[in-house]
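This briefing covers a sheet and the helix packed on it, a pocket, and several backbone features. Please read it alongside the sequence and the structure.

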Amino acid sequence: MQLSNNFSFLKNLVIRYGKMEKPETLEEYYANRPFLKSVDLRHEEGHFNVFRIENYKADDTKAVAYGRKDYFKICLVNGKSKIHYADKSFEILEHGLLFAGPLIPYNWEPLKTKQTGYSCIFTETFFANYGDLKKYPFFKPGGYPVFELHKSEVDKLEHVFKQIVNEKKSDFEFKDDVLRNLIFQVIHDALKIRPTENVIVEKVNAANRITSLFTELLESQFPIRNTIDGIKLRTASDFAEQMAVHVNHLNKSVKETTQKTTSEIIADRLLKEAKIMLRHSSWAIAEIAYNLGFDGPSHFSTFFKKQLQISPSQYRKF
């Protein structure tokens, strides 16, 4: 396993916050991949599917957008690629096993067009009353859900994934139970392969990466185009939760990189947007206050006066 120091993935993070706020749903997953067999999700209590990665069309080898997914995924990948998280990146050189769940946003970047292997996608409800997926370390924030595999390990796991494919196609009455058992076999095999994973994150690079992502998320909320939506990320804790990092880690990284606190940067950006809206919009001051995430006009006025020593209404008159 090699930790990537390449920041090219940041160009994939320039996305609207609306796409970051809501996890990608199964419906969106299939809608974005029309070459996959259509699936009727309306009457399913729990969803499970498996695909051969090489059967995807070539255009599906583009990078997966950074964000959360509203489903679980386990991929056995053959081919060089990178998986990026807020505070670290992993590089798969030849063979890798990737675990993904709803709690952790990530971005997958193939480095070679030809990728082979298997991809399982499923919901937590598929495993209702059949074990707790979220208790496993690679589905938790702070875990290490990427495994570089040796050839012998790949051969063993490929055998299990072939069983999953065959069972998915079968008409066996209890095939869902078999599929659940096989998924847990992959999970337990992975834990035996790498009971602990020592990944060294270079502090400077990690701090830069986290700060860049924080800045992108902050900036993506502006400009505010209507009086309905408003900003959703207002505090350091809001940003940390969205990025799946501890708020102390975010604050330390931002301070190291910018010499400003997270709160100071947020306040500076809110003030900048407030000044623009007061000068160049006809919105009422109360509308501006609520859309900038303040509890009301009085809180907004207190904030504004603290920064500029004049009230919002006075600033608007100048």
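Two strands are taken to pair if DSSP finds at least two bridges between them. By that criterion, strand E3 (residues 72-78) and E8 pair in the antiparallel sense, over seven bridges. The model described here is predicted.

**The sheet and its packing helix**

- Strands of a sheet pair through backbone hydrogen bonds, either parallel or antiparallel.
- Here, five strands form an open sheet in the order E2-E8-E3-E6-E9, and the pairing is antiparallel.
- Within the pairing of E3 with E8, Lys-73 has Ile-121 of E8 as its bridge partner.
- Helix H4 (residues 175-193) packs on the sheet and touches E2, E3, strand E6 (95-100), E8 and E9. The direction of H4 makes about 115° with that of E6.

**The second largest pocket**

- The volume of the second largest pocket is about 460 Å³.
- This pocket is lined by 17 residues, of which Lys-37, Asn-49, Val-50, Phe-51 and Lys-168 are the closest to its centre.
- Strand E2 (48-52) and helix H3 (151-169) each supply at least two residues of the lining.

**Backbone features in loops**

- Phe-222 and Pro-223 are joined by a cis peptide bond, with omega about 0°. Pro-223 is placed in the loop between helix H5 (203-219) and helix H6 (236-243).
- Asn-129 is a residue other than glycine with a positive phi, near 60°. Asn-129 belongs to the loop between strand E8 (116-122) and strand E9 (146-148).
- Is Asn-129 buried or exposed? Asn-129 has a relative accessible area of 85% and is therefore exposed, the cut-off being over 50%.
- Gln-309, although not a glycine, has a positive phi of about 65°. The loop between helix H10 (297-308) and helix H11 (312-317) contains Gln-309.
- Gln-309 also counts as exposed, because its relative accessibility is 62%.

Notes: Residues numbered from 1 in each chain as written. Predicted model: local features only at pLDDT ≥ 70, side-chain atom pairs only at ≥ 80, totals over all residues. Heavy atoms only, no water. 1 Å grid on protein atoms, 1.4 Å probe; cavity = no way out; pocket = protein on both sides within 12 Å on 5 of 7 lines; lining within 4 Å. Points joined across faces, edges and corners; volume = space filled by probe spheres on them. Helix = DSSP H or I, 4+ residues; strand = E, 2+ residues; numbered from the N terminus. Buried < 20%, exposed > 50% of the residue type's maximum accessible area, 1.4 Å probe, protein only. Contact = heavy atoms within 4.5 Å. Axes fitted to C-alpha atoms, helices over the stretch in contact; angles between N-to-C directions.
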